[in-house]
Amino acid sequence: MQNRLDNKQQAIIPIAAFAAKGDTEKLAAEIQHGLDTGLTINEIKEVLIQLYAYAGFPRSLNALGVLMGVVEQRQQQGITDNAGEDASSFPENWNALEGGTQNQTRLIGKPVTGPLFTFAPAIDQFLKTHLFGDIFQRDTLSWQTRELATISFLAAIPGVTSQLKSHYAISLNAGLTAEQLWAFTAILGQKCGADMADNARPVLGELLDETKTPRHGGLSTHCGFVE
């Protein structure tokens, strides 16, 4: 079982976190690093498009503008970055609500119901149809990578502890390991600051304890890194 985050996975974490935080100066530097690491333009673009589902259109549009500026600057410097693959077309007669419900159920491990969705059924439909039926159906990024980006977004946003905890669980269902998630918190501390890491670590520990998932690498500051 893979227990390390590769270089591209590591590069996505600060890109996603600084995009969600709205720190455009640090975001530009991390996009530079990500492109140098081998992320394609379309992979970074997809992370920043997905951001709007968690932090809103203003953050997403601003972050995409930063990416566009970095790519243009690199082109002026004679650097040709790999654009990467575009997302594949959806299956013919794709039903976003049905497909999104299936995707959501696979990622969460069971059908999603609850009093909040009974109280506001429109948000349930939007989540199933658009987030899981449109965004998560796009194959530019794997589900593991999308969840890594999502927990990076949420770690950077104050007051969303319950959503971060839920997406740690989804990350495990998507195939990330506990050790990779500890590595994620370590990278947050190294690249994005102690405040984000201090926000993310206890939530992860609580989730692993509740699910009786072995912690493995614990809180090691180098757990899961690719040296």
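The largest pocket has a volume of about 870 Å³. Its lining is made up of 27 residues. The model is predicted, so local features need pLDDT of at least 70, side-chain atom pairs count only at pLDDT 80 or more, and totals for chains, interfaces and linings use all residues. Residues are numbered from 1 along each chain as its sequence is written, and side-chain values use heavy atoms, leaving out hydrogens and water.

**The largest pocket**

- A pocket is an open set of points on a 1 Å grid over the protein atoms alone, where a 1.4 Å probe fits, with protein on both sides within 12 Å along at least five of seven lines; lining residues have an atom within 4 Å of a point.
- Grid points are joined across faces, edges and corners, and the volume is the space filled by probe spheres set on the points.
- Phe 117, Leu 127, Gln 163, Ser 166 and His 167 lie nearest the centre of the largest pocket.
- Helix 4 (52-55), helix 6, helix 7 (115-119), helix 8 (121-135) and helix 10 (161-174) each supply at least two lining residues.
- Helix 10 gives the most, with 7 residues.
- Helices are DSSP runs (H or I, at least four residues), strands are E runs of at least two, and both are numbered from the N terminus.
- The lining divides into 18 nonpolar, 8 polar and 1 charged residues.
- Ala, Val, Leu, Ile, Met, Phe, Trp, Tyr, Cys and Pro count as nonpolar, Asp, Glu, Lys and Arg as charged, and the others, Gly among them, as polar.

**A buried alanine**

- Ala 17 sits in helix 1 (residues 7-21).
- Ala 17 counts as buried because its relative accessibility is 0%.
- Buried means under 20% relative accessible area, exposed over 50%, and partly exposed in between (1.4 Å probe, protein chains only).
- Leaving aside residues up to four places away in sequence, Ala 17 touches Ser 152, Ala 156, Leu 188, Cys 192 and Met 196; contact means heavy atoms within 4.5 Å.

**Positive phi outside glycine**

- Asn 93 is not a glycine, yet its phi is positive, near 60°.
- Asn 93 lies in the loop between helix 5 (57-76) and helix 6 (96-108), and is exposed at 73% relative accessible area.
- Lys 212, also not a glycine, has a positive phi of about 55°.
- Lys 212 falls in the segment after helix 12 (194-210), and is exposed at 71%.

**The annotated domain**

- An unreviewed UniProt entry gives "domain: Carboxymuconolactone decarboxylase-like" for residues 3-67 and 121-188.
- UniProt positions follow the numbering used here, feature names are shortened, and annotations may be inferred rather than shown by experiment.
- Residues 121-188 are 78% helix and 0% strand.
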